[in-house]
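Hello,

Here is the structure I promised to pass on. Have a look at it first, and then read my notes below.

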Amino acid sequence: MRIHHLNCGSLRTIPQLGGPPAVDPTHRELPAVCHCLLIETDSDGLVLVDTGLGSADLRQPDRALGADWVAYARPVLDPRESALHQVVRLGYQAQDVRHIVLTHLHRDHTGGLADFPHARVHVHPDEYRAVTDPSSAHHRHSLDRFMPAHRAHGPRLSPATADGPTTWFGFTGAARPQGPGCELLLVPLPGHSAGHAGVAVRADAGRWLLHAGDAYTYHGELERTPPLAHPVFEPVQQGAQTDAAARAATLDRLRALVRDHADEVTVFSAHDPWEYARLASVNAPSHGGP
């Protein structure tokens, strides 16, 4: 198994806050990213974790992503950063992406869905329920944030199941997507969206990667005491969240995970460019397994 870290959409340039830089000192300012994973499995083609911005977003950003979001996020709109372009560059075709696993259904995570219309799209059952069940408490909010342009092709949404382990490093309610040929779980990280989840992938002879989506957006939230949120990201976080108390509790649990299990789990978020810079070169073969 091989895991690629991809940036599927550079956004506005942001400064790193106080203290020593997380990477090379010349990188005190970097464009925010849409951090995705591409997993080459040994038995079932490619698995994409989040999709970033897609081809249609790059052609018609105001229509596909919303003019207000584009004005704030300032996406670079480079076609070479689309997941589709990067998949092809690696020697594959769109149909080789058989599974897409999403942390949640917000625009900067779902833009590439239409580029892989045959893929099965896995989300946590709570996120699936929020966008498909009109009786769900957050149905209208969730459906509004799942952009019409990203669901017009009728993506093959599928809720992960609770078969197998339901607890992961103390996080309850983990669900296993059916089909991907790798050890992968959707781990609830509530607060940002109705069914927001991290995607945990078993790699490197048993080590886990946890794509934490938008549970946090800046490394200072996990690494600094007291936690340091980024002023560019934080207004977006507060505007999007469905449950402020749950989001705060999720951050506490992630900080404990990093503190207690740093030798077993690598945690990263969707948009922090310094985390991406540290991990983007980690494309060596990985050996998964239960």
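What covers the buried residues of α11 includes the strands β9 (167-168), β10 (171-172), β13 (207-211) and β14 (265-268), along with the helices α9 (220-223) and α10 (234-240). Please keep in mind that this is a predicted model.

The helix α11 itself runs over residues 244-261, 18 residues in total. From the first C-alpha of α11 to the last is 25 Å, close to the 26 Å expected at 1.5 Å a residue.

Which residues of α11 are buried? They are A246, R247, T250, L251, L254, R255 and L257. As a reminder, an α-helix has 3.6 residues a turn, so residues three or four places apart point the same way.

With a relative accessible area of 5%, H219 counts as buried, because the cut-off for that is under 20%. The side chain of H219 also makes a polar contact of 3.0 Å with the side chain of Q16.

Finally, there is strand β1 (residues 2-7), where five of the six residues are buried. Its partner is β4 (residues 35-40): β1 and β4 pair in the antiparallel sense, over six bridges. Within this pairing, H4 stands opposite L38 of β4.

Best wishes

Conventions
Residues numbered from 1 in each chain as written. Predicted model: local features only at pLDDT ≥ 70, side-chain atom pairs only at ≥ 80, totals over all residues. Heavy atoms only, no water. Helix = DSSP H or I, 4+ residues; strand = E, 2+ residues; numbered from the N terminus. Expected span 1.5 Å × (residues − 1). Buried < 20%, exposed > 50% of the residue type's maximum accessible area, 1.4 Å probe, protein only. Contact = heavy atoms within 4.5 Å. Polar contact = N/O pair within 3.5 Å; in protein donor to acceptor, adjacent residues only side chain to side chain. Pairing = 2+ DSSP bridges.
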